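User: Please go through the packing of this protein with me, by question and answer.

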Amino acid sequence: MKTKRILSLLLTLIMAFALCVPALAVDADPEIRNVIIMIGDGMGENHLKLAEQYGHTLFMNTEYDLRGQSMTSSISHITTDSAAGGTALACGMRVINQTVGVLGYDPFGLVRLPMSITEVAAEKGMRTGVVTTDKTTGATPADFTVHVLYRKQYEKIGQAQIETNFDLIWGTKESTLAREDVEAHGWTYVSNRDEMLALEPGSRSYGQFSGQLWRPNNSLTLAEMSTKAIELLNTDNDKGFFLMIEGAHIDKNSHTSDGLKMDYDEKRESVVDAVVGFDNAIRDVVEFAREDGHTVVLVTADHETGWIFADIHGDMRFHSDEHTAHNVPVFVYGNKTLFKANHAVANYTIPIRLARLLGWGKDEFPRARDGSLIKRLPEDASPGDVDGDGDVTAADARLALRAAVGLEEFEPGSAEFLSADMDGDGVITAADARQILRIAVDAEA
Ligand SMILES: [Zn+2]
């Protein structure tokens, strides 16, 4: 009788897992040494269609090795902002809107801070860089470099950035950071194309360039910045490099309020320009990656902006000036196994998948700066031990699964809840139950 019950429980669990859980098992690829994440801020699927309607054949949409989507919600809002969206991509954690690299349950960073993929890369001796068409202290570059409670603490972000040990941080001009301050912290300050091109590998540079870097025909383009950044970072073939490149103006131009009016060609053209400027950078970056053979490039967005869809004539039109919760595209170049083709993955799993590809273990990323694993556990809770009997068993997995489907209700913040929320994303899902079952199976093996 008992055996029968256990068997049927196991069967139920196996079926549940088989049906609802996306795999996060990414094998390390010894060939991959360099990771480049490219973020088209606000770039939804229909931004690509809009650009195509304007006659552009997008490189990103035709030359990829793997395509899927990212689900972009934060833990506080179904519709994320760039700070929380970027933090998920940088730290492998869903957080509260407007916060930059701080945990949802510890937004002041009083207890612990989640390390970004950039910080872990630097710690491992990889070269590290962040390049954007936005100001250097904008939300997305901030997510990949610093930790602050609120994205608009620009002064604090800039100050914290120049105290990091990254190799380059480039964007547009930000008035709160003075050249002398930057140089006093050991950076070479660059402010125009010639100064940028003159940089030598081994230098550490903070760039604040003027002009519209997002325009494909600007005197300095995102493509040129990306190519130079790679040249500067690609100096140590053993350790490799990590680089984040952001096309920020797909979002910014999609926010402009002309979108809801009938005559908004200018807005659409500016959005298409921003997509094309970003796509040009992708083409050059992927060209490097394919020649190099040791580089994976992942292109995605932090969220969609503008609610673009086709009108009855098939014309792509904006229907909002704000962000939406629509899934956004993910393209991968140089790898085919990061996720299942054509599937949607949760945003925060993207850097975790990339970390696994580089061979970083679970104890290395995601994790807090003090070295601890990131779990919101009070004294009386331990990961996976949902019933609190001191052992992680299939019974705990079952409890978590019941919570995931609503048969069990745990008070958020309670020991049961925190023990069951294995990935710490603030919701108990079948993925948590599966992690617990894995621990249980390992413990018995
Ligand atoms: Zn935005």
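User: Which residues does Val297 touch, not counting residues up to four places away in sequence?
Analyst: This is a predicted model, in which local features need pLDDT of at least 70 and side-chain atom pairs count only at pLDDT 80 or more, while totals for chains, interfaces and linings use all residues. Residues are numbered from 1 along each chain as its sequence is written. Two residues are in contact if their C-beta atoms, placed from the backbone, lie within 7 Å. Leaving out residues up to four places away in sequence, Val297 touches Ile36, Met38, Val285, Val286, Ala289, Tyr333 and Gly334.

User: Which residues have the most contacts inside the largest nonpolar core?
Analyst: A nonpolar core is a set of buried Ala, Val, Leu, Ile, Met, Phe, Trp, Tyr and Cys residues joined through C-beta atoms within 7 Å. A residue is buried if 20 or more other C-beta atoms lie within 10 Å of its own, exposed if 12 or fewer, and partly exposed in between, with C-beta atoms placed from the backbone. The largest such core has 103 residues, and those with the most contacts inside it are Leu243, Val285 and Val297.

User: Which helix gives the largest share of this core?
Analyst: Helices (H or I, at least four residues) and strands (E, at least two) are DSSP runs, numbered from the N terminus. Eleven residues, the largest share of this core, come from residues 265–292, which form helix H11.

User: How many residues of strand E13 are buried?
Analyst: Strand E13 covers residues 328–333 and is largely enclosed by the rest of the structure. The count behind this is six of the six residues.

User: Which residue of E13 is the bridge partner of Gln69?
Analyst: Strands pair if DSSP finds at least two bridges between them. Strand E2 (residues 66–71) pairs with E13 in the antiparallel sense over five bridges. Within E13, the partner of Gln69 is Pro329.

User: Why is helix H9 largely enclosed by the rest of the structure, and what covers its buried residues?
Analyst: H9 (residues 222–233) has twelve residues. Nine of the twelve are buried, so H9 is largely enclosed by the rest of the structure. Among the buried ones are Leu222, Lys228 and Leu233. The cover includes strand E3 (127–135), strand E4 (168–172), helix H8 (193–197), strand E7 (241–247) and H11.

Conventions
The expected span of a helix is 1.5 Å times one less than its number of residues.
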